[in-house]
Amino acid sequence: MDFLQSSLLPLLTLLLSFLLFFYFNNISKPSHVGCSLVPYNHYWITSKRIVAPHGIISGAVEVKGGYIISVVNGEHWRGSVKKEQVFDHGEAVVMPGLIDVHAHLDDPGRTEWEGFPSGTKSAAAGGITTLVDMPLNSFPSTVSEETLKLKIEAAKEKIFIDVGFWGGLVPENAFNASMLEGLLSAGALGLKSFMCPSGINDFPMTNTSHIKEGLSILAKYKRPLLVHSEIQLDLESYSEFKDGVDDARSYSTYLKSRPPSWEEAAIRELLTVTKDTRTGGPAEGAHLHIVHLSDASSSLDLIKGAKSSGDSITVETCPHYLAFSAEEIPDGDTRFKCAPPIRDVVNREKLWKALLEGQIDMLSSDHSPSVPELKLFDEGDFIRAWGGISSLQFVLPATWSYGQKYGVTLEQLVSWWSERPAKLSGQELKGAIAVGKHADIVVWEPEMEFDLDENYPVYHKHRNISAYMGRRLSGKVLATFVRGNLVFKEGQHAPAACGVPILAR
């Protein structure tokens, strides 16, 4: 027996070593169980339309271990393939996954509105591979290290894509440096504030004194402050709207209640402190980002001037401001209510012009759902209904569909939805199909049209509240990869939610 043991032990050790070597070096070894719809962590994605940093190529993207390890132009990749898996997408577009820097997933505390599971499933179905969750509409709002930890805990094993988190800048923490530093040190990618009432009790509005303090702290961390830029003017008139003096079912009533002057006033005040972000300024290193710009006139002119003066400032708008106009919104259809409001068709044309000329830097969804009851569909009261456009799953086809009139290109989509959002949120490993980046990829058919009717699979928790329902769009998402995992393919999601919470370090 001792002889057998001494003879077999070296053989067993050699066999075990061989098996371990084969396992760790097998180029087609399975990915983490349940995280992906394909059982490989090393494969090729091929297409005749790959949107790479220097143009559209016909070729292949090699993915291994969640990263892009090569991008090959032409057919040269075929000689490199041995037994790796190849996913040939023909004429479909392969491009970086979308990064949505402005979404409300309402988790924890208001998961009946949306929640991480349904929110990230709808994002994946729309080609979004990363989003940054806003600090309000969840409960409690994310305004401290402790409340950020609650959000991170709520996201565990419930997110199908990568999710980062903005912290909140509110009067409670604005003058408390240790509180803000604790929030940022715990991983918040930056801060968000409102210059008007947010509608959420534990997220009160800030003024320029709060914002100035926030920028001074953010400068140390080199992170951005995102601002909802509206200031209530003519409060007496606004109270009359809320008290029902005008017809609350008429969209024009709501539109008049939040005029462009509110945005202009807020941005004018902001620019008194953004000068601190210039080179050599007291807040150098901080950055100010204006969210969901609706006014394409005076407000935009102010932003352009600040940029030319060297202020560190960017601005986004949203697909609903580019897709819809006030003239087409039916009375009582509160699905279209948002703040700032969707303005007239002339303003929409100006927004498109500003986006195409680079004056508007990027796009975001501002996905802001609620329970249907809060939309007051039976009453159709635009003044009292909850405001917010539910849109995560539709932003890619909406941008593409409504952008065709203006000659929008695939490269522009990548700039607006991937490259620039990655920079704003500090995600150096995302936003491009390039060697060393995360394999965050969307495959889609720009020419494929579909109707958002009752038969179309929608993964938002409440499909009926979206203003996009009933529309015909083009640009169907076929597949979405997050860190190499195939998390969505033609109506099917991966069994497990393996997205990664993104924390700044």
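How many aromatic pairs does a search of the whole structure find? The search finds 14. Rings of Phe, Tyr and Trp (its six-membered ring) pair if their centres lie within 6.5 Å; planes under 30 degrees apart are stacked, over 60 edge-to-face, the rest tilted. This is a predicted model: local features need pLDDT of at least 70, side-chain atom pairs count only at pLDDT 80 or more, and totals for chains, interfaces and linings use all residues. Residues are numbered from 1 along each chain as its sequence is written, and side-chain values use heavy atoms, with hydrogens and water left out.

**Aromatic rings**
- Tryptophan 352 and tyrosine 406 are stacked, at 4.6 Å centre to centre and 20 degrees between the planes.
- Tryptophan 352 is in helix 12 (residues 345–356) and tyrosine 406 in the loop between helix 13 (395–403) and helix 14 (410–424), so the pair ties together parts 54 residues apart in sequence.
- Helices (H or I, at least four residues) and strands (E, at least two) are DSSP runs, numbered from the N terminus.
- Tryptophan 352 counts as buried, at 1% relative accessibility.
- Buried means under 20% relative accessible area, exposed over 50%, partly exposed in between (1.4 Å probe, protein chains only).
- Phe324, Phe336, Phe394, Tyr402 and Tyr468 form one aromatic cluster.

**Strand 13**
- In strand 13 (residues 313–317), 5 of the 5 residues are buried, so the strand is largely enclosed by the rest of the structure.
- Ile313, Val315 and Thr317 point one way, Thr314 and Glu316 the other.
- Strand 12 (residues 287–290) runs parallel to strand 13, joined by 3 bridges; strands pair if DSSP finds at least two bridges between them.
- Isoleucine 290 stands opposite valine 315.
- Strand 14 (residues 362–363) also runs parallel to strand 13, with 2 bridges.
- Threonine 317 has leucine 363 as its bridge partner.
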